[in-house]
Every structure is written in C-alpha cells, then in structure tokens.
Amino acid sequence: MVPKDKKKIVKELKEALADADELLLATDEDREGESISWHLIQVLQPKVPIKRMVFHEITDEAIKASLQQCREVDQRLVRAQETRRILDRLVGYTLSPLLWKKIAPSLSAGRVQSVAVRLLVRRERERRAFCQASYWDLKAALTHDKTPFAAKLTLLQGQRLATGSDFDENTGELIVGRQVRLLNEAEANVLQQRLTNKPWQVSAIEERPVTRKPSPPFTTSTLQQEANRKLRLSARETMRIAQSLYEQGYITYMRTDSVHLSEQAIAAARNCVETLYGKEYLSPEPRQYTTKSKGAQEAHEAIRPAGSPFRTPKETGLKAQELALYDMIWKRTVATQMAEARQTHITVQLTVEDAGFRASGKRIDFPGYFRAYVEGSDDPEAALDDQEVILPSLKQGDRPTCQDLEAVGHETQPPARYTDASLVKTLESEGIGRPSTYASVIGTIIDRGYVQRQANNLVPTFTAFAVTALLEKNFPDLVDVGFTARMEQTLDDISTGEAEWLPYLKSFFSGEAGLENQVKTREEGIDALEARTIDLADLTTKVRIGRYGPYVEADKDGTAVKASLPKDMTPADISPEQIEILLKQKVDGPEKIGFHPETGEPIYMMVGTYGPYVQLGDAPQPGQKNPKRTSLPKGLEQKDVTLEIALQLLALPRTLGTHPETERPVKVGLGRFGPYIVHDQGKGGQDFRSLKAEDSLFTIGLERALELLAIPKTGRGRRTGTKTALRELGKHPEDDEPINIYDGPYGPYIKYGKVNASIPEDKTVENISLEEAIQLVEAKAGTKKGAKKAAKGTTKSAAKSTTKETATAKTKRTTKTTTAKSTKKKAEAGSS
C-alpha cells in the first residue's frame with residue numbers, strides 16, 4: 001500500500017515511465033535501498049527492461065561507471081531487509097501493548113532498542129551499587145640538569161602500592177588476594193615528612209620503542225563514535241550531516257561496514273600526503289584494510305572524500321558542522337596512507353630510602369600520520385605536544401633534586417556512563433543491530449522517554465528501569481545480548497542464502513515457544529503494580545511509574561503519602577535525602593526561607609515538576625495570578641539557599657543597563673539552559689549569550705555582558721541579530737522591514753522579521769530577487785500559521801508555485817528514491 005504522502009511521487013514516476021525505454025533503479029546501495037528498488041518494481045509494474053545501478057558517491061565518474069555495470073535487484077538482500085522489518089514489527093506490536101497495560105501508555109519495545117536500554121540500565125545499576133574507596137600516594141617534583149619532571153610513588157618497603165584497580169567495586173575493599181600496601185591520609189603525610197630532604201637516586205632506566213599504525217578509514221559506526229568524541233555530535237546529528245555531505249557529492253556513501261578503499265581513493269590519499277606533507281610521510285606501500293566483521297553488509301568502500309583528487313577542507317567552501325565532519329573524514333582517510341608514527345616510551349625507576357618512585361616519558365622519534373590525524377583530537381599539531389612527555393637525559397646512578405613532595409589522595413570512580421560513542425561501540429562489538437540503524441535507535445530511546453541526554457552522557461529514566469525489569473523477568477531472551485546477536489547473525493545468513501526467511505519468522509513468532517504464545521501465557525502472571533514499582537539499591541522508599549510520571553510512595557503514621565518526582569530527575573540523581581524533602585513538603589507544606597523585606601510576602605523553597613525553585617508568596621486562589629517563581633541554577637543545592645540568595649533569584653531577570661549602540665536594555669536571567677545575557681533589540685529580536693563558567697549570575701555587570709554579546713555565535717543557535725548579511729535584498733513594501741540573506745548551519749536562507757525561508761535549489765544568493773524573496777517568506781509564513789492567507793493576487797499564486805518548487809526540491813533530496821529515464825536522451829542518474 002502506497003502511503004498517502006507518497007502517492008503524488010508514484011504518479012509522477014508512472015507518468016515518466018510511460019515514455020521511457022528502460023527503468024534505472026538508483027536507490028541507496030544498502031539493504032534498505034535494495035528493498036525499496038524491489039518495492040518500486042511492484043508499485044510501478046514496468047513493461048520495459050529494468051536495471052539496478054549502484055554507486056557509492058555522487059560524482060560524474062561514479063555515475064557513468066555504474067551505468068556500465070548495472071545488475072538485477074538482489075532478492076537475497078531484499079528478503080533479509082524484509083525479514084528484519086517484519087521481525088522488528090512482530091516484537092514491537094506484540095510487546096508494546098503489554099507495556100501499555102502493565103506500566104504506562106505510549107511505551108514501546110523493540111528488538112534492538114530494548115537491548116540498548118537494558119545496557120544503559122545495567123550500567124546505572126552498577127553505578128548505584130558502586131562502593132567508593134580511597135587511597136593515597138606521593139607525587140614528587142624533581143629536576144635534573146635544570147629540566148623538571150614528575151615521579152609517582154609505586155613501591156614502599158618492596159611492596160607495590162595500591163591503585164584504583166585493586167579495589168572491589170561492590171564492597172569498596174581491597175580485592176582478596178592482592179598483595180599491595182594501602183596508605184591512608186595520615187600514613188601518607190608521615191611518609192612525606194620522612195622522605196623530605198632525603199637523597200634520590202636513579203635505580204633503573206628502560207627505553208621501549210613503539211610503532212603506531214593509523215586507524216582504518218571510517219565506517220558508519222566509527223564515524224559516529226569519533227564525531228561524538230571530537231565534535232560532541234549525537235549519532236543522529238552525525239548521520240544527518242553525513243547524508244547532506246553525501247548528497248552534495250563531498251563524501252562517499254555513509255552507511256557502510258567496510259573499511260576497504262578503492263585504488264582510486266588510495267591514489268588520491270597518497271597524492272595528498274606527498275603534496276601536503278612530503279614523501280617522507282608517505283607509507284612505503286599502499287595500505288589497504290580488511291573488514292573484520294563477518295556480518296558486514298556492504299562489499300563497497302569506507303566513508304571517504306568523494307572523487308579524485310580529494311578536495312581539501314578549505315577547497316570545499318563548507319561551513320560549521322559540515323566542514324568539521326568533512327575535515328575529520330578527510331584527515332582520517334589521508335592518514336591511512338601515511339607512514340607509521342615511531343615513539344620511544346621511557347620508564348625511570350628512582351629510590352629514596354625504602355620508597356620506589358617511577359617517572360614515565362614519551363618521545364616522538366617520527367610523527368608519521370600524527371601530522372594529519374590523532375584519534376580523539378581536533379588539532380593534530382597541538383596533539384603532537386600531548387603525545388610527548390619529555391624527561392631529562394638520565395642514567396643509572398644519577399641523583400636528581402627533589403623540589404617538592406606532596407601527599408595525594410585518590411578516590412575510585414564508578415563505571416562511566418554510556419555516551420553515543422561508547423554505546424555504538426558496544427552494540428557493534430556485541431553484534432546487536434546494524435551500524436546504519438544505531439543513530440535512529442538512540443534517537444528513539446531518547447524520544448520515547450527511556451533516556452535523557454545529560455551533557456554527553458546517556459542516562460536511563462525510571463521508565464527505562466521499569467520496562468527493563470519487566471522484560472528481564474518475563475522475556476529474558478529478548479533483552480539478552482547473546483540471543484539478540486544470534487538473531488542478527490541469522491538475518492545475515494538470510495542475506496547470503498544460508499538461511500530461509502519464512503521458516504525463521506514462523507519459528508520465532510508461532511508455536512508453543514513462539515513470541516505470540518509467550519506473551520499470552522505470561523501476561524496474566526504479571527502484576528501491574530509490581531511492574532510499575534522500581535527497585536533501587538539503597539532506597540527503602542517505593543518509586544513507581546504513574547499516569548503522569550514517576551512518584552515516590554511512603555508510609556507516614558499509617559497513611560500512604562505520595563509525591564511526584566521532578567521530570568528531569570533520573571535514578572542516577574535520586575537519594576534518600578531528596579525523597580525525604582519531597583515527602584516532607586507533601587505532608588508539612590513547603591519550607592519557608594523568610595519574608596521579602598519590601599512586600600512582607602513569605603518566600604518558600606519548593607520542589608516541583610522541573611526541580612527545586614523558590615517562590616514569592618503563597619499558593620494562588622482561583623482567579624489569582626501565579627506567584628513569582630525562579631528555579632535554582634545548576635550547582636546550587638537546596639540546603640545552601642539563604643534568604644539573600646532567594647531574593648537575588650527572585651529579582652531575575654535583572655536589568656544591567658542599556659546597550660550603547662541600540663540604547664535598548666541588556667539583562668541577565670536564568671533560563672532552561674542556564675544563566676544567560678539578553679540584549680532586547682526591539683523589532684530586531686533578542687540576542688542571547690550564555691554566561692561562561694567564570695561568570696556569576698548575581699554579580700555580572702554591564703561591561704562584562706557587553707563583552708559576551710560582542711563574541712560572535714557559532715554553530716547551532718546562532719541568531720542573525722549579530723550576523724552580517726550575505727546580501728541585503730531591500731525592504732518589504734508593507735512595513736519597511738529589511739529582507740536579507742544570511743548564512744545558516746544548513747546553508748543560506750532569507751530572513752524577514754521572525755520568518756526564515758530556505759532558498760530554492762534553482763536559485764542562488766546572487767540571482768534571487770526581492771520579489772521572489774517576498775513570495776518565499778509569505779509562503780513560509782502562510783505555512784506556519786495554517787489559516788493565514790498569503791498576499792493578494794499574483795503574490796498568492798507565486799507563493800503557491802514557490803512552495804511547490806520547494807517541496808519538489810525536498811523530494812529530490814530525500815533518500816531512497818528512484819528515477820525513470822528514457823534512453824533516447826543522454827542517461828543521467830541521481831541518488832537520494
């Protein structure tokens with residue numbers, strides 16, 4: 001069945017096919033693209049010859065070559081993709097209704113997403129169960145021949161000193177059997193005093209040469225991981241930007257498991273190395289990589305710059321995130337053909353009385369590919385400095401001078417939370433799902449409320465805990481990593497013809513052991529109240545999922561007391577102390593901080609849906625205005641809020657003065673994303689800047705605010721108030737408001753007041769006219785407001801035409817489309 005919003009496209013394709021001698025299917029080269037080609041054949045029912053063309057970059061050479069190497073649609077790939085889709089729906093459509101009944105409406109389960117959520121929940125359980133331990137050592141600042149270096153205590157009286165890896169995470173105690181010496185603070189200080197001013201001597205030196213090879217070129221998975229580490233992009237953002245780069249012809253196809261590079265790509269990369277870095281930085285022989293993953297679905301290329309020769313990042317004209325991602329892909333690809341980096345690791349053992357210290361150094365003998373690419377670093381040149389730790393020239397028996405000796409305390413840390421990068425890496429290493437789907441999986445679990453993104457971390461919610469517990473207890477196979485990986489392997493076997501798709505689906509869903517029967521037989525045994533109750537280590541109070549979100553329930557003098565938890569609170573944040581505050585507020589009312597010195601109104605400390613806040617005045621009566629409320633900024637604890645701080649919070653937003661250029665007010669305030677400065681520009685809108693870490697919300701002045709406003713915005717969230725227009729088209733005839741073209745993160749756009757309109761594909765910044773711009777912004781305004789009519793007469797008609805052109809342009813950019821072309825004309829191919 002053709003979706004309603006695609007019927008027009010299908011009609012256009014059928015009309016084009018009526019005059020064609022041949023049908024060329026140019027959908028994407030992955031399994032999903034193969035499946036779409038098959039579906040197009042079913043829908044279009046062509047009477048002419050059909051050819052499947054495949055290319056991995058949108059360049060003239062690649063498209064012309066693909067026309068000479070057409071093939072038939074691969075039915076095995078189609079079956080594998082269709083089986084995957086059916087399997088995902090069987091899991092989702094069967095389990096999701098059970099979650100609605102037992103936990104909360106609108107929840108969903110998925111073959112891959114539920115396993116991903118379980119990984120996050122298990123990690124959070126480990127963090128909650130973690131017992132912190134502390135240990136101490138000594139750090140020495142030494143010099144030799146006027147060169148400073150550092151050394152760390154490792155041995156005492158011949159016994160190794162305890163480090164973080166020697167402790168049991170669950171008990172906080174030393175692991176049984178570890179023969180180590182544990183120092184506490186008092187012992188470390190005594191030792192520090194004893195060793196002060198004592199002679200030091202070098203007892204041994206070891207130099208070990210190390211060779212490092214460049215990492216393989218990017219696959220979908222490794223691109224998402226590195227973009228998250230380096231550029232702080234989510235997996236979804238990375239794939240969106242990569243899709244745009246691919247469609248513009250800058251990179252090869254971005255959904256691939258392969259690390260293979262074509263001969264053309266290797267030659268282009270080697271040419272870049274020789275031109276930019278010199279022959280000495282070129283690897284002796286062309287370097288090729290082999291894909292290790294058995295389930296790799298693409299037999300094509302890694303992600304690399306498109307075409308030959310490679311365009312350098314500066315030559316592309318790209319900006320913002322597109323430039324950053326292309327730069328990373330370019331550097332990684334070029335680095336694959338560079339010489340290995342050669343380093344020498346140096347370890348120096350030193351003694352002072354009965355204590356042994358160690359100093360570690362690292363010398364770069366030849367930087368090799370480090371000149372172009374260092375994993376996890378934005379700036380290879382700067383990273384070279386980090387790769388080196390210089391030690392003075394030392395030999396056994398030398399006596400360096402100790403300048404300072406200090407006792408240093410350490411605490412063991414819980415397992416790190418997952419980020420997009422580490423979750424993608426785990427999913428791939430465990431064989432769960434396909435790398436091309438990881439971005440949408442992470443996006444889905446965030447959108448469905450299973451996960452919150454805090455900074456760069458993925459933090460599971462109470463709902464995630466409840467759903468995971470239910471599935472673990474009643475359907476353990478479906479959230480078992482090994483079971484899910486075996487399912488994935490079977491799907492790979494179907495794509496190679498080693499397994500049959502229909503028998504597999506039947507065995508999974510039907511029969512006594514099938515999913516359908518499992519759900520039916522186990523549903524009655526699942527107690528809804530128990531399923532909605534979350535068991536957290538170190539909490540005696542019950543946390544439950546309710547109709548309006550999570551809440552806590554406790555018995556107070558024989559009466560059940562319930563209190564809602566703030567929306568942003570997760571199991572990672574909750575503690576017995578916080579629960580006690582919520583319950584106390586519910587029973588005794590809010591805590592009174594004091595009274596406002598001018599109005600005499602009471603000021604309360606309260607905890608609401610969005611966390612703690614201060615309130616001026618009592619709760620309103622029906623018909624009265626809500627009292628003034630201000631949330632607590634991050635880092636400010638409820639226990640630290642005094643009457644003075646509460647008054648400062650309630651005074652926000654605070655006017656700092658007027659801007660010297662506009663004579664409009666500049667204010668400081670506290671918003672959803674933290675403290676900010678805002679310049680009210682009247683009809684020009686509002687220009688915002690976040691406060692820096694060193695700025696104080698309560699003491700910042702106008703001078704510092706103007707400094708912040710003078711800093712240009714970069715990346716997402718830029719406003720045009722402080723930007724220079726690429727072109728000033730003129731003024732709108734109705735209100736004299738300017739209509740300008742600005743450069744945005746997704747390309748140039750037209751701005752009129754608060755309306756932003758994209759420039760159609762057939763227009764450029766230089767050739768678009770004021771009249772056309774007016775039509776575009778009016779069409780956009782009409783789309784946004786729905787019922788609002790566009791301007792009169794020809795303007796209205798033109799706006800409709802422009803909207804249609806824009807929609808067509810968007811259709812051309814959408815992935816997974818096909819074209820029907822007549823061979824009477826010169827064949828041209830396009831891809832989504």
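This is a predicted model: local features need pLDDT of at least 70, side-chain atom pairs count only at pLDDT 80 or more; totals for chains, interfaces and linings use all residues.
On a 1 Å grid over the protein atoms alone, a cavity is a set of points where a 1.4 Å probe fits but cannot get out. By this rule, the count here is two cavities of 30 Å³ or more, where a volume is the space filled by probe spheres set on the points, and grid points are joined across faces, edges and corners. Residues are numbered from 1 along each chain as its sequence is written, and side-chain values use heavy atoms, with hydrogens and water left out.

**Cavities**

- The largest cavity comes in at about 50 Å³, and its lining (residues with an atom within 4 Å of a point) is made of Ser 108, Gln 113, Ser 114, Val 117, Tyr 450, Val 467, Thr 468 and Leu 471.
- Two elements give two or more residues to that lining: α5 (113-129) and α15 (462-474). Helices here are DSSP runs of H or I with at least four residues, strands are runs of E with at least two, and both are numbered from the N terminus.
- By class, the lining of the largest cavity splits into four nonpolar, four polar and no charged residues. For the classes, Ala, Val, Leu, Ile, Met, Phe, Trp, Tyr, Cys and Pro are nonpolar, Asp, Glu, Lys and Arg are charged, and the others, Gly among them, are polar.
- The second largest cavity has a volume of about 30 Å³ and is lined by Val 91, Leu 95, Ala 109, Gly 110, Arg 111, Ser 114, Leu 471, Leu 478 and Val 479. Its lining counts six nonpolar, two polar and one charged.

**Helix packing**

- Helices α4 (residues 75-102) and α17 (residues 501-509) have axes that come within 10 Å and cross at roughly 10°. Axes are lines fitted to C-alpha atoms, for helices over the stretch in contact, with angles from 0 to 180 degrees between N-to-C directions.
- That crossing makes α4 roughly parallel to α17, a label for angles under 35 degrees.
- On the α4 side, the contact (heavy atoms within 4.5 Å) uses Arg 79, Thr 83, Ile 86, Leu 87, Leu 90, Val 91 and Thr 94, and on the α17 side Trp 501, Tyr 504, Leu 505, Phe 508 and Phe 509. Nine of these residues are nonpolar, two polar and one charged.

**Sheets**

- Strand β18 (residues 611-616) is joined to β19 by four bridges, and Leu 616 has Lys 628 as its bridge partner in β19.
- Another open sheet of four strands runs β20-β21-β22-β23, again with antiparallel pairing. β20 (654-658) and β23 (686-690) each have a single partner strand, so one side of each has no neighbour in the sheet.
- Six bridges pair β21 (residues 665-671) with β22 (residues 674-680), including the one between Gly 671 and Gly 674.

- Most residues other than glycine have a negative phi, and most peptide bonds are trans.
- Ser 308 and Pro 309 are joined by a cis peptide bond, omega about 0°, and Pro 309 sits in the loop between α9 (263-276) and α10 (313-316).
- Gln 45 has a positive phi near 50°.

How values were computed. Angles under 35 degrees count as roughly parallel, over 145 as roughly antiparallel, 65 to 115 as roughly perpendicular and the rest as oblique. On a 1 Å grid over the protein atoms alone, a cavity is a set of points where a 1.4 Å probe fits but cannot get out, and a pocket is an open set with protein on both sides within 12 Å along at least five of seven lines; lining residues have an atom within 4 Å of a point. Two strands pair if DSSP finds at least two bridges between them.
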